[in-house]
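Here's a quick tour for anyone opening this model for the first time. Take a look at the fold, then read on.

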Amino acid sequence: MKPDEIDAMVPRWVESGLSSSLIAGLELSKRLSRLHLVFEQAIKAELAELGLTYAEFDVLAALARTPAPHRMKPSELSKALLLTSGGTSNVLQRLTAAGYVEREANAGDARSRWVQLTAEGRRVALAALDASSRAHEEVLAGVPEQDVRAAADALREVLTLVGRRRFR
């Protein structure tokens, strides 16, 4: 196994007396952060060509993945994308101004509105999903599929144990 930039930090952690379990946790979090940054940079570069931010892409992708007529309530979008209601509102305003989504009354609940993809929004969402796929393939080029699968499965195990905890 080839060492990476995180391995260079480990001797300092050992010298400072950190426990092996804490060092393993630090290695995990540092590598996750680094990997997230690599994916994010690759995806953002692709999305920039479409004039989209990552948050806009997330909303368009979530709507595109729902069955026709590709609509959700803003509260559902916030929950699905782990965004605040204010953050969702700002993104929806930009997407509405761009003509990618439209807001319509919810006949079943006058207190809420639907957010729905327009035809142009669906076209852009599909192009953005293709761009995201290209970015993922580019980042993972040369990494054996079984290694990616093993890492994804191992992270699932870790996340199921820690993912429900709430921190301040």
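Let's start with one alanine: A131 touches E46 and L50, if you skip residues up to four places away in sequence (contact means heavy atoms within 4.5 Å). Keep in mind that this is a predicted model, where local features need pLDDT of at least 70, side-chain atom pairs count only at pLDDT 80 or more, and totals for chains, interfaces and linings use all residues. Residues are numbered from 1 along each chain as its sequence is written, and side-chain values use heavy atoms, with hydrogens and water left out.

**More on A131**

- You'll find A131 in helix 6; helices (H or I, at least four residues) and strands (E, at least two) are DSSP runs, numbered from the N terminus.
- A131 is buried, with a relative accessible area of 1%; buried means under 20% relative accessible area, exposed over 50%, and partly exposed in between, using a 1.4 Å probe and protein chains only.
- From A131 to N90, the distance is 41 residues in sequence and 23 Å in space, C-alpha to C-alpha.

**How helix 3 packs**

- Two packed helices are described by the angle between their axes and the distance between the axes.
- Helix 3 (residues 54–65) packs against helix 6 (residues 119–140) at an angle of about 110°, with the axes 9 Å apart.
- That angle makes helix 3 roughly perpendicular to helix 6; angles under 35 degrees count as roughly parallel, over 145 as roughly antiparallel, 65 to 115 as roughly perpendicular and the rest as oblique.
- On the helix 3 side, the contact is made by F57, L60, A61, A64 and R65, while helix 6 brings G121, R122, V124, A125, A128, L129 and S132.
- Sorted by class, this contact of helix 3 with helix 6 has 8 nonpolar, 2 polar and 2 charged residues; Ala, Val, Leu, Ile, Met, Phe, Trp, Tyr, Cys and Pro count as nonpolar, Asp, Glu, Lys and Arg as charged, and the others, Gly among them, as polar.
- Helix 3 also meets helix 5: their axes come within 10 Å and cross at roughly 80° (axes are lines fitted to C-alpha atoms, for helices over the stretch in contact, and angles run from 0 to 180 degrees between N-to-C directions).
- Here again, helix 3 is roughly perpendicular to helix 5.
- In this pairing, A55, E56, V59 and L60 of helix 3 meet V91, L92, R94 and L95 of helix 5.
- The contact of helix 3 with helix 5 has 6 nonpolar, no polar and 2 charged residues.

**Pockets**

- The largest pocket holds about 870 Å³ of space. On a 1 Å grid over the protein atoms alone, a pocket is an open set of points where a 1.4 Å probe fits, with protein on both sides within 12 Å along at least five of seven lines, and lining residues have an atom within 4 Å of a point. Grid points are joined across faces, edges and corners, and a volume is the space filled by probe spheres set on the points.
- There are 24 residues lining the largest pocket, and R31, L35, L140, V143 and A151 lie nearest its centre.
- Helix 2 (20–48), helix 6 and helix 7 (145–162) are the elements that give two or more residues to this lining, and helix 2 gives the most, with 8 residues.
- The lining of the largest pocket has 16 nonpolar, no polar and 8 charged residues.
- The second largest pocket has about 260 Å³ of space.
- Its lining is made of L35, H36, F39, E40, I43, Y54, F57, S132 and H136, and the largest share, 5 residues, comes from helix 2.
- By class, the lining of the second largest pocket divides into 5 nonpolar, 3 polar and 1 charged.

**A buried threonine**

- T88 sits in helix 5 (residues 85–97) and counts as buried at 1% relative accessibility.
- Neighbours within four places in sequence aside, T88 is in contact with P74, L77, S78 and L83.

**Backbone details in the loops**

- The peptide bond from A68 to P69 is cis, with omega near 15°, and P69 lies in the loop between helix 3 and strand 1 (71–72).
- H70 lies in the loop between helix 3 and strand 1; its phi is near 55°, a positive value in a residue other than glycine.
- H70 is buried, with a relative accessible area of 13%.
- L82, in the loop between helix 4 (74–81) and helix 5, has a positive phi of about 60° although it is not a glycine.
- At 78% relative accessibility, L82 counts as exposed.
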